[in-house]
Amino acid sequence: MRRYNSLFAIAAAVLVVACSGDNGPGAVDLPEAVVAGRLEHGTIRSIGANTNAAITPGDDATGIAYRSTLGFDLKALPSGARVTSATLDVAQCQASANVFTALGPLVLDHIDLTLGLTDAAYSGQTLEPNIGTISSTTGTGSRTLDVTAAVQRDMTASRRVTAYRLRFRDHDTNGDAVADFVQIALSRDQHCTGQPDPRLHVSYDR
């Protein structure tokens, strides 16, 4: 199982926008947020030292636990937008054989990354714990979750980032000296090549 050192980079984001008029309904794929020069998709170790080079929640053979974050830029929405739906879509490109038996399903916490990705996001900055299960099976492919309510709450609170923590529901680590993990595709990881990056598709009215 590969792990990474901290990476500082800013990536150009491409928005996909469809509108029926200047003041009508529309939809947008929100880009990854960048706060204080740091990208917000990343992984945090239980012993500190976060990284934005991969999304690999789970544990390793030494018993160190990993949680991951996803952060999307709400400023990509037009002024006055009222969110009507929001769907998170990630590509699960690898999973260890017994990860869900060992650690439980992979769930999402709604978190606050307004100040950027730091070690504190491993267990803190929580707005709402366990807003849904994103994966519970080892097969590769797309995993989706409706996060409409979380995005609407972020809009109401005037947060510039809507953010989520991926963690296993039952255990962070089971101490079996075996790496138990899920890998979510991220292009800068350069591991799951050809798989799409995490996507937050938001529909809105104005």
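Burial is expressed here through relative accessible area, a residue being buried under 20%, exposed over 50% and partly exposed in between, with a 1.4 Å probe and protein chains only. The structure is a predicted model, in which local features need pLDDT of at least 70 and side-chain atom pairs count only at pLDDT 80 or more, whereas totals for chains, interfaces and linings use all residues. Residues are numbered from 1 along each chain as its sequence is written, and side-chain values use heavy atoms, with hydrogens and water left out.

The secondary structure of the chain comprises two helices and 14 strands, where helices (H or I, at least four residues) and strands (E, at least two) are DSSP runs numbered from the N terminus. Of the 206 residues of the chain, 50% count as buried. With contact taken as heavy atoms within 4.5 Å, residues 24 or more positions apart account for 77% of the contacts in the chain that have a separation of 6 or more.

The largest core holds 34 residues, of which Leu30, Leu77, Leu88, Val147 and Leu200 touch the most other members. Strand E8 gives the most to this core, with five residues. Apart from neighbours within four places in sequence, Leu200 is in contact with Val28, Asp29, Leu30, Phe72, Ala86, Thr87, Leu88, Val147, Val151 and Thr162.

The structure holds one disulfide, defined as a pair of cysteine sulfur atoms within 2.5 Å. This disulfide is formed by Cys93 and Cys192, whose sulfur atoms are 1.8 Å apart. The pair links distant parts of the chain, 99 residues apart, with Cys93 in strand E8 (residues 82-95) and Cys192 in the loop between strand E13 (180-184) and strand E14 (199-205). The torsion about the S-S bond is about 65°, so the disulfide is right-handed. Both cysteines are buried, Cys93 at 16% relative accessibility and Cys192 with a relative accessible area of 11%.

Side chains of opposite charge can pair when their charged atoms come close. Under the criterion that a side-chain nitrogen of Lys or Arg lies within 4 Å of a carboxyl oxygen of Asp or Glu, a search of the whole structure finds eight salt bridges. One of these joins the side chains of Arg67 and Asp172, at 3.0 Å from N to O. Arg67 is buried, with a relative accessible area of 12%, whereas Asp172 is partly exposed at 23%.

A further salt bridge connects Arg153 with Glu128, the closest N and O atoms being 2.7 Å apart. Because Arg153 lies in helix H2 (residues 148-156) and Glu128 in strand E10 (residues 126-135), the pair ties together parts that are 25 residues apart in sequence. Arg153 is partly exposed at 44% relative accessibility, while Glu128, at 19%, counts as buried. Asp154 in turn forms a salt bridge with Arg159, with 2.7 Å between the closest N and O atoms, and Asp154 is buried at 0% relative accessibility.

Asp109, Arg165 and Arg167 are linked in a network of salt bridges. Asp109 lies in strand E9 (residues 106-111) and is buried, at 2% relative accessibility. Not counting residues up to four places away in sequence, Asp109 touches Glu128, Pro129, Asn130, Ala163, Tyr164, Arg165 and Arg167. The C-alpha atoms of Asp109 and Leu127, which are 18 residues apart along the chain, are separated by 7.6 Å.

Grid points are joined across faces, edges and corners, and a volume is the space filled by probe spheres set on the points. The count comes to one cavity of 30 Å³ or more, and about 30 Å³ of space lies in the largest cavity. The lining of the largest cavity consists of Gly58, Ala65, Tyr66, Arg67, Tyr122, Arg167, Phe168, His171 and Asp172. Strands E7 and E12 each supply at least two residues of this lining, and the largest share, three residues, comes from E7.

Notes: A nonpolar core is a set of buried Ala, Val, Leu, Ile, Met, Phe, Trp, Tyr and Cys residues joined through side-chain atoms within 4.5 Å. On a 1 Å grid over the protein atoms alone, a cavity is a set of points where a 1.4 Å probe fits but cannot get out, and a pocket is an open set with protein on both sides within 12 Å along at least five of seven lines; lining residues have an atom within 4 Å of a point.
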